Each structure stands twice: as C-alpha cells, then as structure tokens.
Amino acid sequence: MWAGPDVSPPRVLRNTQPTYSEEARKAQVQGTVFLRLIVDEKGHPTNITVVSPLGYGLDELAERAVAKWEFQPGKKNGKAVPVFAAIEVNFRLLRSEFNETLERQRTLFNVAAVDLKSEDLAARKRAVISVQDLAMAGFAPAQYAVGLWYMAGKNVEQNKATGISVLQDAASKNHGPALYELASRHMRGEDLPKDEAKGLDMMQRAASFGSENAQFYLASLYERGDGVAQDHDRARKYFRQCANKSVSMCQLRLGKLLLTLDRRSQHDYVEAIAWLELAGESGLSEGRETALREETTMPPSQLAGVRSLKAKLVKK
C-alpha cells in the first residue's frame, strides 16, 4: 500500500455526517472516533478500522458514515493508487461541557496502543515516544503504561523506583488500574512494603474507579472470606461491576453465586441464568452448560424473562 512523501494524499470530495445514537445521547457521551482506512484508486474507502472507539453505538455509526465518503484518490507519479488514510469523526453535544484536550490525549493514547502491536518498527518507536510524551503531560493511562514499562524493563531501561513513582502519580489521579497495581504489590509486599490493610483500602478505591481486576479480586476475596469476613452481598456487588463490563469470568462467577443463594428469589434465579448465558456466549463452556441444564426445567415465562434481562445487563 502506498504511503510516503512522493505520494499525494487522498482528498475528501463528499462526506456524510453520522447520527447520534440514542443511548449515547442519553448517557451524554461525547468524543472522537478515530478510524484508519485505505482509499482505493477509485476514491472509495475500504478496510475501515476503528482505532480509538467510544462505544454506545457511536463506533458503528462513524464507520457506516465514513463508508459513504467519496475521495479524490491519492496519486503516485500522476497515477491513482491505494493510499492509507486516517479520519477523525467527532461527536459533540450542544450546550454540554467537553474537555477537548483530554479527548485528544485519549485518542492519541489509543492510536499509540494499536501501533505498539504493529510489525512496523518505526511505528512502534513513534508509539513509545507518543505514550512517553502523554505520560510527561500527566495523562494517567499513559503514566500507568510507562510505569509498567519501567517495572518490567519493556520499551525503556528497567528502573523499578521510577516505575513505582510514575504509577503513584497515576494513582493520585484515581486511575483504577494504577491503584490496582500498587494495591496488589502492597498485598504481596513486592517492591513496596507489605501492608495488607493499606492494600485492601487501595484495592477498594481501584474497584470504585473502574479497575476490573480489582473488582474481580475483591469479589473473590469476599466470596471465600479470605482474610476478610465472608460477605456474599459484597461479592455479588463487585462481581456485578465487572460482569456489567463484559468480563466473562465475572459473569460466570456471578451467575454461579446467584444460583447458590440460600434464600434465592425468582429474580435472582433469572438473573443467574442470564449471566451464565452471557458467559457462555463469551466462550466459557461452564456457563453455557450450566445455563442449558437449568433451562430444561424452566417454564416459558422464566425463559422469556432471561432473554429480556440479558439484553439489559451489559453496559455499552
């Protein structure tokens, strides 16, 4: 595929603006969907890939809109050739505050995360520099990534003291994954003083700020009563948090826990089967097999309840 200084870039002749999904509007979601594509020699967009998504149906709407765009094709030595291109599709709500700087940092970070997996060495090097620049600017997800690099000696020379410091800076901004990383190290006494009480407090903060690893860890802890008082209500709460974000193991464990409640309501039972089905659809055979076994004895009304609830459970 052509790209480089001797290739003229494609030029947009006609663009189609996407609509706003109703779920995104209700959730007040704003931002930028960044896409990469190839404009072929006829000026048609092909191989469209979402690199920095927003969710809530906006990625699909952006992709469909860009698929209708028309371009003047790029040229090499006067001849039309396929050319790589990048498109940003912005979704903004009127009369609503929006941090353009933060969104730009999010987009740059997502693009770099994709390029870090590229087979192109130059692209990977640019991505490393981009993430480091974002970390220097105080963007917490980039600080988390760079902190882990220093801990492991990946992409940078290993320096655990610097890694801990960078992770702590990200954690001070309530970045859930950074809080989880530090919490787990306090719990184990690895690279930080062993302090289980501090680790548990930090783990709870990590869960409240969206760390799926922390949510699963705490759910398992309270389910077993490992070092804490056994509390199935708390276990369900934390399993539900990560299950809502399509973490299949959380869906499986939540479904199994709901099935074994001493005083299980009909809603608990229907919810359990819905989670088990979702886990099965994600590839966990235990979830699929358990759901099928239970469903053989369920009346049609309960089966209809499972189908209805399942569609509502997972967040966009």
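Two remarks on method come before the structure. Residues are numbered from 1 along each chain as its sequence is written, and side-chain values use heavy atoms, with hydrogens and water left out. Since the model is predicted, local features need pLDDT of at least 70 and side-chain atom pairs count only at pLDDT 80 or more, while totals for chains, interfaces and linings use all residues.

I begin with the chain as a whole. The protein chain has 14 helices and eight strands; helices (H or I, at least four residues) and strands (E, at least two) are DSSP runs, numbered from the N terminus. Its C-alpha trace spans about 75 × 55 × 40 Å along the principal axes. Of its 316 residues, 44% count as buried. Buried means under 20% relative accessible area, exposed over 50%, and partly exposed in between, with a 1.4 Å probe and protein chains only. Among contacts with a separation of 6 or more, 58% join residues 24 or more positions apart, where contact means heavy atoms within 4.5 Å.

I turn now to the pockets. A pocket is found on a 1 Å grid over the protein atoms alone, as an open set of points where a 1.4 Å probe fits, with protein on both sides within 12 Å along at least five of seven lines; lining residues have an atom within 4 Å of a point. Grid points are joined across faces, edges and corners, and a volume is the space filled by probe spheres set on the points.

The largest pocket has a volume of about 700 Å³. It is lined by 25 residues, and Arg106, Phe209, Gly210, Glu212 and Lys245 are the closest to its centre. Helices α3 (100-115), α7 (176-188), α9 (212-224) and α10 (232-243) each supply at least two lining residues, and α3 has the largest share, with four. By class, this lining has eight nonpolar, 11 polar and six charged residues. For these classes, Ala, Val, Leu, Ile, Met, Phe, Trp, Tyr, Cys and Pro count as nonpolar, Asp, Glu, Lys and Arg as charged, and the others, Gly among them, as polar.

The second largest pocket holds about 510 Å³ of space. Its lining has 22 residues, with Arg36, Phe84, Asp115, Ala123 and Arg126 nearest the centre. Here α3 again gives the most, with five residues, and the elements that supply at least two also include the strands β3 (31-39), β4 (45-52) and β8 (83-91). This lining has 14 nonpolar, four polar and four charged residues.

Next, the interior. A nonpolar core is a set of buried Ala, Val, Leu, Ile, Met, Phe, Trp, Tyr and Cys residues joined through side-chain atoms within 4.5 Å. The largest such core has 49 residues, and Leu182, Leu218, Ile273 and Trp275 have the most contacts inside it. Helix α12 (residues 266-281) gives the most to this core, with nine residues. A second, separate core of 20 residues includes Val29, Val33, Leu35 and Val39. Beyond its neighbours within four places in sequence, Leu218 is in contact with Leu200, Met203, Gln204, Ala207 and Tyr238.

Why is α7 largely enclosed by the rest of the structure? The reason is that 11 of its 13 residues are buried, among them Leu182, Arg185 and His186. The cover over these buried residues includes α5 (140-152), α6 (160-172), α8 (196-208) and α9. From first C-alpha to last, α7 reaches 18 Å, close to the 18 Å expected at 1.5 Å a residue; the expected span is 1.5 Å times one less than the number of residues.

Several residues on either side of α7 and elsewhere deserve mention. His175, in the loop between α6 and α7, counts as buried at 15% relative accessibility. Residues that His175 touches, not counting those up to four places away in sequence, are Ala140, Pro141, Tyr144 and Ala170. After α7 comes Gly189, with a positive phi near 70 degrees.

Most residues other than glycine have a negative phi. Asp191, in the loop between α7 and α8, has a positive phi near 70 degrees and is partly exposed at 34%. Asn77, in the loop between β6 (75-76) and β7 (79-80), has a positive phi near 55 degrees and is exposed, with a relative accessible area of 76%.
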